[in-house]
Amino acid sequence: MQAKTTLQQKDIEFIIDRCDACYIGMVDQENLPYVLPFNFGYHGGNLYLHAGPGGKKFEVIKNNNRACAAFSTDHELRGRHEHVACSYFMKYRSVLLYGLIEMIEDYDEKVTALNIIMEKYTGRTGYNYNAPAVNNVKVFRLVVDKAQGRSFGY
Ligand SMILES: Cc1cc2nc3c(=O)[nH]c(=O)nc-3n(C[C@H](O)[C@H](O)[C@H](O)COP(=O)(O)OP(=O)(O)OC[C@H]3O[C@@H](n4cnc5c(N)ncnc54)[C@H](O)[C@@H]3O)c2cc1C
C-alpha cells in the first residue's frame, strides 16, 4: 500500500499552482451540500474567485459563508498486478482549504484580486480594466483558516 503523506505549506502552494480549477464546497439553505468548480487565484494563503452577478451560489454564501475548497492534480493510475483489481491505485496530490468567504467590494481591491487570477492563468499582470466591468463583476475570497495537503504514491 502506498503511503499517504501529509504536506507542508510550500507543498500546498506547489499543488495549488498545478491546478487549473478548484471545487468550492458550500452548504445551502436546506443544509445540503453545494459544490461548484471555479477558476481561481491564490495569494498570501487566501483564495481569490470571481463571478458574474446573481445565481444560487450568492444566496448560498449569504446564508452561510463557510466553505471548503478542494484541489487535486498529478492523477496517475498504477497497478502492481495487471489482473488484480485491488492492486490498482491512483497517485495524486491534493489540497483542502477551509475558511470563510468574504465579498470584496472596494474597487482597487477588486482589481488587485482580478490581477491575481489573471496572473495565474496568463503568467502576467498589468491588464487594463474598465470601470463598469469591474463594478459589475463579483469578486470574493476564501479567507483560509486551515489548509491540508496530501500526496499519495509520490
Ligand atoms: C472549470 C470550470 C471553471 C469555472 N470557473 C468559474 C468562475 O471562475 N466563476 C464562475 O462564476 N463560474 C465558474 N464556473 C461555473 C460555475 O461552476 C457555476 O456553474 C456558475 O458559477 C453558476 O453557479 P450558480 O450557483 O450561480 O448557479 P445558477 O446559475 O444559479 O444555477 C443553479 C443550478 O444550476 C446547477 N448548476 C450550477 N452550476 C453548475 C455546474 N457547473 N455544473 C452543473 N450544474 C450546475 C445547480 O444544480 C443549481 O441548482 C466554472 C465552471 C467550470 C467547469
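Asp-74 counts as partly exposed in this predicted model, because 16 C-beta neighbours lie inside 10 Å and the partly exposed class falls between the limits of 12 or fewer for exposed and 20 or more for buried. Asp-74 sits in strand β6, residues 66-79, and has a positive phi of about 60° although it is not a glycine.

**Arg-93 and its surroundings**
- Arg-93 belongs to strand β7, which covers residues 88-104.
- Arg-93 is buried because 24 C-beta neighbours lie inside 10 Å, and 20 or more are needed for that label.
- Setting aside residues up to four places away in sequence, Arg-93 touches Asp-74, along with Ile-15, Ser-72, Thr-73, Ser-151 and Tyr-154.
- Asp-11 lies 82 residues from Arg-93 along the chain, yet their C-alpha atoms are separated by 9.4 Å.

**Asn-31, a loop residue**
- Here is another backbone angle to look at: Asn-31 has a phi near 65°, a positive value in a residue other than glycine.
- Asn-31 is part of the loop between β2 (22-27) and β3.
- Is Asn-31 buried or exposed? Asn-31 is exposed, because 7 other C-beta atoms lie within 10 Å and the exposed class takes 12 or fewer.

- In soluble globular proteins, nonpolar side chains tend to be buried together.
- The largest nonpolar core in this model has 26 residues, and Ile-16, Leu-47, Ala-69 and Phe-71 touch the most other members.
- Elements that each supply at least two residues of this core include the helices α1 (9-18), α2 and α3 (107-122), and the strands β2, β5, β6, β7 and β8 (138-152).
- Ala-69 is in contact with Cys-22, Tyr-23, Ile-24, Leu-47, Leu-97 and Leu-142, leaving aside its neighbours within four places in sequence.

**Around the ligand**
- Which residues are around the ligand? They are Ala-21, Leu-36, Pro-37, Phe-38, Asn-39, His-50, Ala-51, Gly-55, Lys-56 and Lys-57.
- By class, this shell divides into five nonpolar, three polar and two charged residues.
- At least two shell residues come from each of β3 (33-38), β5 (46-51) and α2 (56-63).
- Strand β3 gives the largest share of the shell, with three residues.

Notes:
Residues numbered from 1 in each chain as written. Predicted model: local features only at pLDDT ≥ 70, side-chain atom pairs only at ≥ 80, totals over all residues. Near = placed C-beta within 6 Å. Helix = DSSP H or I, 4+ residues; strand = E, 2+ residues; numbered from the N terminus. Nonpolar A, V, L, I, M, F, W, Y, C, P; charged D, E, K, R; others polar. Contact = placed C-beta atoms within 7 Å. Core = buried A, V, L, I, M, F, W, Y, C linked by C-beta atoms within 7 Å.
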